Amino acid sequence: MTGRGDSDNRRNRWLWIGLAAPGAIWLLVLFVVPFYVMLAVAGGGINEFFQTVVPIWNPLHWSTWNFSAVWRDIFGSGAFLGSPALRTVLYTAIATVISLAIAYPVAYFVSRYAGRRKVMFLVLLIAPFWVSYMMRMLAWIDLLQQGGLFNSALSSVGLPGNTNWLGGKSITVILGLVYGYIPYLILVLYAYLDRIDQSLLEAARDLGLSKWRTFWHVTIPLSKPAIVAGTFITVLPMLGDYYTNQLLSGAPGTTMIGNAIEGQLDAPGETGQGAVLALMLLGILLIPMAYYVISTARASRDA
Amino acid sequence: MASTVDKAVTTPSRPRTVRLPGRQGANPWRRPWAMEGFTWLYIIWSIVPIAIAVLFSFNKGASQSTWQGFSTKWYVGRGVTSVLHNPSLHHAVTQTLVLAVLTTVICVPIGVGFGIGIDRWRSRTSTGLNFVMIFSFVVPELLLAVALFLLVTQALTFIGLGTEAEVAGLVVWNISWPAIIVRARLVSIGRSYEEAAADLGASRLGAIRRVLLPLLLPAIFASAVLVFASTVDDFVIVEQLSSTAATQPMSVLIYANVHGGLSGPALNALATIMLLFSVAAALIGFVAYRWMTRGERTSGNADALTSIAGI
């Protein structure tokens with residue numbers, strides 16, 4: 001059968017190429033080329049008079065001017081990019097751990113124990129997925145205002161109710177990140193956990209393992225790919241996030257690397273440095289992204 | 001029926017199972033109360049704030065913490081900043097719809113074609129293109145948005161910032177939905193139907209049109225719903241690629257006005273309208289998906305739900 005499929009494929013090659021071509025061209029022109037432009041801007045110079053970017057298209061002529069400027073901003077004296085970079089790593093790590101701690105039990109419960117109510121639980125878990133990120137942040141801004149419902153609720157139980165939660169608190173930003181990205185994590189975890197063969201767990205129990213040991217020695221190893229995929233799904237967007245802290249704090253004390261990229265991109269004469277920062281972030285993320293892409297491609301080939 | 005049974009079981013005052021001493025003997029099919037309670041807490045935490053925000057878009061006053069009576073004035077009222085009568089709010093709704101429709105109309109056909117083509121045309125090039133497509137799925141949106149911003153301002157300056165750039169960027173950001181979903185469906189369909197059609201004398205193109213496309217229709221539809229909803233909700237790409245207020249969709253307008261500017265319930269009203277667009281798309285998608293996959297072995301509410309959410 002495969003032999004016939006192959007000869008078939010050869011005959012119809014141009015049909016398949018034709019079908020794939022529009023998407024392929026779109027991806028090349030608007031996904032691959034833009035990143036080359038980013039390189040050209042990062043390796044380019046600036047017009048001193050107009051403070052505009054002068055991209056250099058020939059890689060042989062790329063200058064390291066923007067790179068060294070960014071290097072000084074991170075590590076040199078008077079560096080102002082070091083703390084946003086550090087904060088990004090810290091916020092992302094804490095928010096990811098909290099997200100996993102919340103999402104795993106929820107996804108585990110719905111995939112294993114929801115029974116006939118599974119559809120109801122799925123509707124409730126998927127609901128936030130259909131609500132825009134902006135709406136979900138706006139909802140919390142309303143609640144966390146100084147005269148907002150959250151502070152009233154606190155003071156009604158005798159706690160201090162005049163905290164300015166939106167005035168640059170790290171905890172607000174971290175929980176905002178958790179709130180923003182956790183629906184995706186839960187859905188990914190659910191999709192994986194739902195496919196775990198229940199009979200393996202029953203076998204473990206039948207062979208005398210306790211509930212906790214079954215969980216630890218069977219369920220957790222089986223859900224490792226789920227945890228890895230879910231972590232990617234939350235970490236990658238968090239690292240490029242600039243709006244959550246802008247919305248929930250707006251203070252310079254909580255800015256992340258995304259804010260630095262966005263800020264420099266729009267600042268006259270610093271566009272090139274914004275491009276360098278974006279490339280640095282891309283460079284750091286290339287390894288986890290490549291891992292994810294290769295494992296996804298392998299999974300779809302095996303399927 | 002099922003709900004009454006469940007209610008009886010979930011009443012915590014009357015535990016149905018007897019707790020036995022020692023873990024080994026405990027009933028393995030006992031309901032995990034703690035986990036269920038935790039799940040409900042999560043659900044409340046994830047949904048209640050949004051419900052409150054929707055509620056206060058109907059507030060009579062401008063407060064977002066004190067209920068002053070029901071009113072639709074932030075939607076249609078005159079003399080206040082309402083969505084209908086404030087030009088910038090009004091315009092943002094239109095812009096969001098324009099972007100969502102254009103993106104869906106362009107993205108879904110080329111994504112579906114890409115998915116089918118890549119799946120069947122097995123070669124080094126198609127493997128490479130598949131990698132590029134999955135990369136576009138995982139790259140942080142900000143990085144893609146910055147790259148596209150530089151593309152339209154430094155290289156392809158004839159595009160420039162504005163609606164054209166927004167649509168171009170949204171299409172590339174969403175193209176992986178139809179491609180990935182269609183490929184997954186192709187794997188589950190297999191080749192036999194097409195081969196049967198070919199054996200019965202259908203041309204290759206005829207087999208695609210008459211056999212493959214109808215079988216792919218639920219997947220295509222699910223991806224269209226996803227692309228539409230994700231375009232409505234998109235923020236990063238449209239923020240970087242919009243130029244003036246005239247090309248700002250709802251999400252950008254909300255972001256720009258949350259701290260000062262057009263604050264108050266009108267923003268909640270705008271966000272509620274955005275929510276309605278997505279929910280409408282999801283509902284239509286769910287019903288249509290169920291209808292299209294009726295009679296299939298794997299069909300069911302859970303399958304339809306996860307399909308239109310892209311999982």
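A search of the whole structure finds 27 aromatic pairs over all chains. By pair I mean rings of Phe, Tyr or Trp (its six-membered ring) with centres within 6.5 Å; planes under 30 degrees apart are stacked, over 60 edge-to-face, and the rest tilted.

Some housekeeping. This is a predicted model, where local features need pLDDT of at least 70 and side-chain atom pairs count only at pLDDT 80 or more, while totals for chains, interfaces and linings use all residues. Residues are numbered from 1 along each chain as its sequence is written, chains are lettered from A and ligands numbered from 1 in the order in which they are written, and side-chain values use heavy atoms, with hydrogens and water left out.

Now, two ring pairs. Start with F150(A) and W165(A). Their centres are 5.6 Å apart and their planes stand at 70 degrees, so this pair is edge-to-face. F150(A) lies in helix α7 (residues 149-156) of chain A, and W165(A) in the loop between α7 and α8 (170-193) of chain A, so the pair ties together parts 15 residues apart in sequence. Helices here are DSSP runs (H or I, at least four residues), strands are E runs of at least two, and both are numbered from the N terminus. F150(A) is partly exposed, with a relative accessible area of 32%. The cut-offs: buried is under 20% relative accessible area, exposed is over 50%, and partly exposed is in between (1.4 Å probe, protein chains only).

Over to chain B. F56(B) and W67(B) also form an edge-to-face pair, 6.0 Å centre to centre, with 75 degrees between the planes. F56(B) lies in helix α2 (residues 33-56) of chain B and W67(B) in the loop between α2 and α3 (73-76) of chain B, so parts eleven residues apart in sequence are tied together. F56(B) is buried at 5% relative accessibility. W67(B) is partly exposed, at 38%.

Rings also form a cluster. Ring pairs link Y104(A), Y108(A), F109(A), Y113(A), F121(A), F215(A) and W40(B).

Next, charges over rings. This needs NZ of Lys or CZ of Arg within 6 Å of the ring centre and within 35 degrees of the ring normal. The charged end of R195(A) sits over the ring of Y192(A), 5.8 Å from its centre. The charged end of R120(B) sits over the ring of W16(A), 5.9 Å from its centre.

A cavity is a set of points on a 1 Å grid over the protein atoms alone where a 1.4 Å probe fits but cannot get out; lining residues have an atom within 4 Å of a point. There are two cavities of 30 Å³ or more.

Last, helix α9 (residues 192-199) of chain B. Its buried residues are E194(B), E195(B) and A197(B). Seen down the axis of α9(B), they fall within an arc of 155 degrees, so they line one face of the helix. That arc is taken from the directions from the helix axis to the C-beta atoms. After α9(B) comes G201(B), with a positive phi near 100 degrees.

And chain B overall? Chain B has 14 helices and zero strands. Of its 311 residues, 53% count as buried.

Notes
On a 1 Å grid over the protein atoms alone, a cavity is a set of points where a 1.4 Å probe fits but cannot get out, and a pocket is an open set with protein on both sides within 12 Å along at least five of seven lines; lining residues have an atom within 4 Å of a point. Grid points are joined across faces, edges and corners, and a volume is the space filled by probe spheres set on the points.
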